[in-house]
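Colleague: I have some points to go through on this model. Shall we take them one by one?
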Amino acid sequence: MSLQDRLTELRDQGLADIKSADVLKKVNDVKVDLLGKKGPITEVLRGMRDLTPEERPKVGAYANEVRDKLQSAIDHRREELELAAQNKQLVAEKIDVTLPGRQVPQGQPHVITQIITELEDLFMGMGYQIVDGDEVEEDYYNFERLNLPKDHPARDMQDTFYITKEVLLRTQTSADQPRSLENHDFSKGPLKVLSPGRVYRRDTDDATHSHQFHQIEGLVVDKHITMADLKGTLTLVANELFGDQFEVRLRPSYFPFTEPSVEADVTCFNCDGKGCAVCKQTGWIEVLGAGMVHPRVLEMSGIDPEVYGGFAFGLGPDRFAMLKYGVDDIRNFYLNDVRFLSQFYKKG
Amino acid sequence: MRISYAWLRDYLKLDIPADELAEKIERTAVEVDGVIRPSDGLKKVVVGDVLECVPHPDSDHLHICQVDVGEADPIQIVCGAPNVAAGEKVIVALPNSWIGGHTKIKRSKMRGVVSNGMLCALDELGFDEKLVPKEVADGIFILPADAKPGEPVFSYIGMDDEIIDMSVTPNRGDMLSMNGTAHELAAIYDQKPTMPTVELHEDATELADDQLSVTVQADEQAVPMYKMRLIKNVTIKPSPLWLQIRIWNAGMRPINNVVDATNYILMQYGQPLHAFNFDSLTAGQVNVRFAKAGEQLTTLDGEKRDLAETDLVICSDDRPICLAGTMGGLDSEVTDKTTAIALEGAIFDAVKIRKTAHNHNLHSEASMRYERGIDHSATETALDAAAALIAELSDGTVATGVVVGRDEDVQPAVVKISLSRLNHVLGTELSLDTVADIFRRLDFPTTIDGETYTVTVPARRWDIHIPADLIEEVARLYGYDNLPSTLPTGQPTIGKLNETQQIIRDSRKLMESAGLTQAISYSLTTEAKAKSFALHASEVTKLDFPMSSERSALRLNLISGLLDDLAYNNARKEHDVALYEEGRVFFSQPEQVRPKEVEHIAGAITGSMVQTAWDTEATPVDFYQIKGIVAGYLKSLALAAPVSYATSTTHPEMHPGRTADIYVGDDLVGFVGEIHPATAKAYKVRETYVFELDLDALIAQPKEHQQYQPISKFPSITRDVAMLIDNQVTNAAIVKLITDKGGAHLQKVQLFDVYNGKHVPAGKKSLAYTLTYQDQNGTLVDDEITKAFEKVLTALTDTLGAEIR
Ligand SMILES: [Zn+2]
């Protein structure tokens with residue numbers, strides 16, 4: 001048998017062995033047996049020295065070809081088997097992906113904070129500064145500077161917690177207005193502030209009254225501020241909180257520190273204005289109070305009402321949350337039942 | 001203020017539905033609480049004529065009546081009212097009718113006798129008992145003789161009226177009267193109202209001044225006007241039905257002709273009037289002054305009141321007979337036997353009346369109007385109108401002349417405003433004529449000079465004094481709906497959170513990411529809770545006049561509120577709770593009433609933060625869990641000074657062995673730990689871990705200047721050390737020693753094991769740390785590290801008595 005025939009025979013036998021190898025080890029065995037230093041192909045190559053110089057390169061080339069062929073068959077087979085093994089493993093590793101994931105503790109903001117934050121962001125986008133006034137305020141700032149002298153009948157509208165005759169728990173975030181006004185340097189541009197915070201009233205807690213609740217007060221003073229600007233701003237607030245499909249209407253009201261004073265109603269989100277229990281069949285929901293800053297308030301802060309004017313508005317996040325989410329008892333906001341708090345984990 | 005639509009039609013031509021009118025009032029003037037229709041829900045209630053009325057054979061009080069209800073045959077009704085009698089026109093609820101209180105009337109038998117319906121009293125038709133005249137309260141209501149049997153009864157007793165219930169704001173006292181409301185609606189609907197006229201006939205034979213004298217000692221501020229009229233020969237009796245209807249539809253109880261007449265004029269003009277029994281006056285003498293200390297007066301309600309020196313009183317011969325503007329005295333009350341009336345029409349100071357009403361808790365229709373203002377120009381007219389009405393209803397005679405205790409020269413306000421100013425404030429482009437027309441509709445005489453209006457505001461609109469008030473009038477009558485909607489223009493401003501606000505907002509987010517849910521608790525609590533858990537000693541700020549001890553003091557800490565929240569949850573079987581709160585606490589300041597308001601942030605956890613699940617065991621929270629939350633939070637604040645924790649036994653509410661004070665550098669900023677079991681018991685909570693941090697102090701701390709550190713290209717080397725050491729030696733002490741002795745290349749010391757179980761001698765614990773060494777500039781030589789490590793081991797042995805294992 002010529003060397004070439006012997007190589008051909010080795011090749012065919014080898015390819016058959018590779019093909020029939022069903023585990024990686026067998027493939028490796030075939031490789032060691034055939035291509036190893038002591039394997040038959042090496043043996044054949046050793047026999048080449050007996051060949052004529054003409055034959056030697058031919059057989060050499062053929063031997064390399066056989067070796068390459070076997071090598072690539074081994075590689076191929078190995079890949080096939082590895083893939084099959086991996087596939088088998090993957091099938092074995094299948095899990096129920098619908099089982100719940102492991103918990104990562106996650107808290108959430110209070111619903112009142114969510115509303116305040118939302119409005120803070122809206123107003124900061126319009127160039128307002130956020131102001132945090134004191135919760136313990138002087139009667140002078142909370143009332144007198146807001147055009148509510150002692151014995152003013154409108155004081156009856158707000159029963160007050162007093163600490164002394166002159167110091168009280170603020171009944172309204174409007175109490176920040178005079179301080180903002182007197183601290184502002186109008187040469188640096190208009191005054192635009194938003195004051196969110198806690199306020200207190202001497203009320204017995206029940207489903208609709210709380211001795212502690214929140215207010216957000218907005219105040220803008222400049223040389224050219226109009227009531228139309230107030231209307232536009234309030235519309236924006238309503239759209240932000242309830243959606244832009246709702247209408248805003250103003251109607252006359254009374255606050256001692258604004259003139260004219262208005263109350264703003266929004267189309268009832270619950271019935272689209274058709275009338276329902278939420279809006280007491282009126283189709284409208286009262287959401288905030290507002291008005292043009294009273295000239296007396298400006299004067300008392302040393303601002304010339306002939307030159308400057310502005311608007312102020314106030315709204316209650318508690319009331320908003322009650323309306324928006326159908327919360328039927330204001331006390332829920334302050335009892336912190338986790339079953340209540342956890343319902344407000346997202347906006348909207 | 002309840003406005004009868006029927007009464008309004010005396011003034012104006014209005015044919016729109018009441019709901020529409022109410023809406024218009026609400027959009028243009030004052031809030032409307034609703035429209036009341038007294039006959040709503042009532043059905044088949046008709047006039048009946050009692051043809052026959054005989055006693056029930058089996059009853060001592062029932063009567064069997066044959067009643068003509070406009071049908072071919074009379075119907076038989078059994079009635080128990082004492083005043084039922086043949087010949088009366090009565091209110092009949094027919095079979096299957098609906099009366100007040102959603103009650104259906106059915107055919108029935110009473111003691112064996114068929115009754116085809118019911119004869120009704122007013123309260124059975126839904127009348128508030130407080131509005132039913134006393135004389136008809138105990139029986140069925142008798143209708144006028146000309147009532148037609150079978151007709152619905154409502155029009156006979158004013159129940160077909162529609163009543164608009166207005167909630168009048170304090171500035172619109174003028175709308176607390178029919179006249180004022182009519183003026184307002186006339187402006188809204190551009191009509192000329194028909195105002196009431198007074199036809200007073202004075203008796204020329206009697207001069208009021210001869211019999212009645214008034215002196216006002218109180219100052220002009222307190223009593224700007226005081227006038228009286230004298231009406232003689234009066235007969236006190238119930239008012240005619242038309243007047244009673246107006247009175248009860250206005251929400252008042254008809255009393256008698258004199259009182260009803262004064263109330264009627266009060267409703268009409270908004271002017272309170274008071275009728276004195278003239279004969280109770282001493283020699284016809286009246287004087288008005290402030291009460292003296294120690295004086296007493298028994299008011300109409302029978303209450304004996306101690307008068308204050310701020311109370312204005314009407315006296316006779318210097319003996320108090322009436323609390324001015326608030327309530328009359330019992331002694332001078334008009335009774336059935338009264339034959340002469342001294343009628344008062346006066347103005348009292350709003351503040352004084354408010355104080356008196358408040359002090360004596362006497363809030364009446366009169367006091368409410370005095371507090372909100374009165375039309376000074378109509379006082380005498382109202383007095384005349386009331387005198388005329390009383391005379392007419394009581395067959396009396398009005399003595400000639402008004403007795404004037406004090407008079408006032410009432411002048412209209414004159415206010416100027418320019419068109420450009422008006423448009424500037426409203427953001428409108430109203431024309432000169434549009435605005436002039438609004439003033440005309442308001443019936444405010446106006447002259448125009450160029451573009452400036454000079455507006456004469458009648459005294460009936462005393463709320464208007466300044467240009468801004470006129471702007472409001474124009475705006476609301478022009479219609480807020482017609483205003484454009486714009487946003488402020490002008491110099492742009494930057495809106496952003498300041499550093500404090502930003503850190504507070506970030507802090508909330510960090511707490512939430514750490515698994516804590518935000519709570520908002522009450523700032524007011526008990527004094528004991530307010531001062532518990534306090535970071536610094538401080539006086540508690542207390543309310544002067546709290547509603548309850550539960551809410552009497554301002555908190556010095558947030559933890560007590562969070563524990564209340566936990567208790568609330570525990571009571572509802574929620575035992576896994578993790579809450580935080582960010583808010584103010586109130587530290588007292590020397591020499592100041594107002595406390596210093598400090599932002600704090602606090603947390604409380606109980607139960608487990610991770611619940612039992614298919615692959616997770618619930619792990620009960622412990623000290624190290626809450627400390628981890630605090631440490632993670634503090635790390636994110638990038639404080640320049642190091643944070644340290646020191647065992648603290650100084651918080652009485654905290655577990656003395658499981659509480660650490662938290663320092664940033666040398667500054668105490670808060671504490672963390674387990675609450676004392678006694679505290680837990682007192683609050684009714686389970687094992688709970690809490691922290692409280694002075695957020696303002698943290699915000700004020702210098703922050704680390706953030707700077708990039710090149711990441712070393714050279715490998716790090718680690719060495720582990722395990723040691724047996726005395727239980728008393730803290731981790732902090734060991735880490736400090738290792739760090740101090742670790743050499744220049746020590747980068748990190750990491751505790752990886754703590755063990756004090758089996759195989760560890762009593763009083764000892766086993767700790768193990770990994771020390772990581774690295775050089776920024778080169779590869780570390782093993783020998784060098786070994787040397788450094790040996791130094792640490794020696795120090796641990798020598799200094800802390802550690803036994804290296
Ligand atoms: Zn609705």
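Colleague: Which residues have the most contacts inside the largest nonpolar core?
Modeller: This is a predicted model, in which local features need pLDDT of at least 70, side-chain atom pairs count only at pLDDT 80 or more, and totals for chains, interfaces and linings use all residues. Residues are numbered from 1 along each chain as its sequence is written, chains are lettered from A and ligands numbered from 1 in the order in which they are written, and side-chain values use heavy atoms, with hydrogens and water left out. A nonpolar core is a set of buried Ala, Val, Leu, Ile, Met, Phe, Trp, Tyr and Cys residues joined through side-chain atoms within 4.5 Å; buried means under 20% relative accessible area, exposed over 50%, partly exposed in between (1.4 Å probe, protein chains only). The largest such core has 165 residues, and those with the most contacts inside it are A:Phe333, B:Leu343 and B:Phe439.

Colleague: Which helix gives the most to this core?
Modeller: Helices (H or I, at least four residues) and strands (E, at least two) are DSSP runs, numbered from the N terminus. The top contributor, with 9 residues, spans 379-394 of chain B: helix α9.

Colleague: Which residue of chain B is in contact with A:Phe333, leaving aside neighbours within four places in sequence?
Modeller: Contact means heavy atoms within 4.5 Å. In chain A, the partners of A:Phe333 include A:His110, A:Ile112, A:Met322 and A:Phe340. From chain B comes B:Ile520.

Colleague: What is the volume of the second largest pocket?
Modeller: On a 1 Å grid over the protein atoms alone, a cavity is a set of points where a 1.4 Å probe fits but cannot get out, and a pocket is an open set with protein on both sides within 12 Å along at least five of seven lines; lining residues have an atom within 4 Å of a point. Grid points are joined across faces, edges and corners, and a volume is the space filled by probe spheres set on the points. For the second largest pocket the volume is about 1,300 Å³.

Colleague: Which element gives the most to the lining of that second largest pocket?
Modeller: The lining has 30 residues, and B:Tyr624 and B:Lys627 are among the closest to the pocket centre. By class they divide into 15 nonpolar, 10 polar and 5 charged (Ala, Val, Leu, Ile, Met, Phe, Trp, Tyr, Cys and Pro count as nonpolar, Asp, Glu, Lys and Arg as charged, and the others, Gly among them, as polar). The most, 7 residues, come from α16(B).

Colleague: How many charged residues line the second largest cavity?
Modeller: The volume here is about 30 Å³. B:Asp174, B:Glu184 and B:Arg460 are among the lining residues. The lining has 1 nonpolar and 2 polar residues, and the charged count is 5.

Colleague: Where is the cis peptide bond to A:Pro260?
Modeller: A:Pro260 lies in strand β7 (residues 258-267) of chain A. Omega is about -5° for the bond, whose other partner is A:Glu259.

Colleague: Is B:Asp318 buried or partly exposed?
Modeller: B:Asp318 lies in the loop between β20 and β21 of chain B. Its phi is positive, about 65°, although it is not a glycine. With a relative accessible area of 32%, B:Asp318 is partly exposed.
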